[in-house]
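The stops below go strand by strand.

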Amino acid sequence: MSTVESEEVIGGGLLDTLFNSDDTFLPAEPQAIGELGLSPVLIESLLCKYLLQVGSAAGRQIAESIALPFALVEPMFADLRGRQLLFHQGQAQLGDYQYALTEQGVARAQAAMASNSYVGPAPVPLDDYILSVEAQSIRAEAAREDSLANAFSDISVEPQMLEVLGPAVNSGAGLFLYGTPGNGKTTIAKRITRCFGSHVWVPHAIIEDGQIVKFYDAAFHEPVGESHASLLKSGASDQRWIKIKRPTVVVGGELKLDALEIRHDPVSNISEASLQLKSNCGCLLIDDFGRQRCEPTELLNRWIVPLENRHDFLTLASGKKIQVPFDQLIIFSTNLEPMDLADEAFLRRIPYKVEVGDPSLEEFRKLFEHSCQSLGCQYRPEAVDYLVQKHYRPFGRPLRRCQARDLLTQVKNYCVYRGLPMELRPDYLDRAVNGYFATCGDNASRAPAEEPTL
């Protein structure tokens with residue numbers, strides 16, 4: 001039997017251990033090896049590969065490294081020692097021992113490493129992961145008016161926009177956010193995830209057909225709650241899972257089609273989960289849509305079936321196709337008209353198209369007021385009126401939501417450089433405008449502002 005074959009899952013974990021008595025999802029700490037859904041050979045290989053890396057470690061440290069309870073792993077140490085793969089280097093605290101590999105154990109660990117170099121938390125069977133998505137589905141959550149208002153409480157959004165976004169978010173079918181640059185499409189998309197339940201549980205890695213697929217990604221997944229160490233001590237949860245905020249996976253112009261598939265490294269023989277998997281139970285934001293390295297039609301065609309059926313098909317390195325949940329709110333943010341990017345067949349599957357237009361003058365003032373509070377500066381409405389009258393209206397320059405923050409940041413940078421107090425003053429705004437806009441429209445606005453009177 002090959003190493004890969006010997007590390008295959010021997011059946012899903014006991015699924016009832018994944019729920020509280022009130023049917024809410026909680027990956028409870030396993031009480032027996034049979035509840036893991038993993039082959040003992042796989043667990044032994046993780047132990048040996050870890051010791052090959054660190055040289056020696058206490059039993060509890062080894063158990064923590066592979067995210068399994070010490071009580072389940074301790075009998076394995078005795079078995080491996082009896083087979084002359086491990087030996088005691090000395091005693092450790094709490095009746096534990098310091099373990100190291102024998103020459104035979106080193107050979108075993110090197111063979112396991114050559115087959116698959118994954119070292120870390122033991123994986124979770126694919127079936128258990130699928131069940132977790134069903135239990136934590138974003139479609140089971142309903143965004144109400146109050147939750148939507150709370151999600152956007154720290155930014156300025158007009159009530160009319162929330163009235164449009166609410167039904168679109170609750171549809172769970174995805175949406176287009178389109179409009180001119182700088183009006184907060186990306187910011188709005190990121191806030192939408194906050195409308196749903198605050199957290200979900202995701203595995204560090206999953207396994208299917210003997211293939212380990214890394215799942216948890218610190219770039220997209222933000223841990224919440226107790227630390228790993230305190231959870232381990234309390235034994236409240238299965239350490240192969242980690243509690244995170246509902247994910248918002250954001251990708252932009254760098255997106256390529258291969259990121260939507262399970263990516264396999266032939267050297268390490270480790271796979272990486274696709275972006276869809278990482279965004280399950282949350283939001284997937286395709287930012288600046290239409291400017292990716294692949295054609296928009298290619299990208300859209302890749303998602304037609306998943307959007308329709310709410311599941312996706314991915315291919316493992318072994319060639320086996322697996323069916324996985326497609327359970328996220330997918331958001332396309334673009335500066336272009338949706339009709340210019342997709343055909344009618346696809347647009348039908350994204351039923352909501354929300355235009356994010358320019359702010360009104362009243363909202364523009366509120367944005368300046370909010371940015372002043374954030375930067376510790378007194379808000380002066382007359383300075384904003386001066387800015388609009390001198391630098392916007394004469395040149396037909398449109399208002400953008402990002403400009404209040406951006407111009408005030410330039411003012412702050414100037415004040416810090418000159419050692420001046422941060423103030424919202426017309427002469428400071430003149431300087432900021434000269435440095436911010438690529439073309440100002442007249443020579444007067446390009447002229448340097450007079451030095452402030454101290």
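This is a predicted model. Begin by selecting strand β1 together with strand β3, residues 97-101: the two run antiparallel and are joined by three bridges. Show Ala57 and look across to β3, where Tyr99 is its bridge partner.

The three strands make up an open sheet in the order β1-β3-β2, with antiparallel pairing. Its edge strands are β1, at 56-58, and β2, at 86-91, each of which pairs on one side only. Turn the view to look across the strands: from one strand to the next, the twist averages 30 degrees.

Clear the selection and move to strand β5, residues 175-178. Which way do its side chains point, and are they buried or exposed? Display them: Leu175 and Leu177 point one way, Phe176 and Tyr178 point the other way, and all are buried. In a regular strand, side chains alternate between the two faces of the sheet.

What is the direction of β17 relative to β5, parallel or antiparallel? The two run parallel, and four bridges join them. For a reference point here, pick Phe176; its bridge partner in β17 is Lys353.

Methods:
Residues numbered from 1 in each chain as written. Predicted model: local features only at pLDDT ≥ 70, side-chain atom pairs only at ≥ 80, totals over all residues. Heavy atoms only, no water. Buried < 20%, exposed > 50% of the residue type's maximum accessible area, 1.4 Å probe, protein only. Pairing = 2+ DSSP bridges. Axes fitted to C-alpha atoms, helices over the stretch in contact; angles between N-to-C directions.
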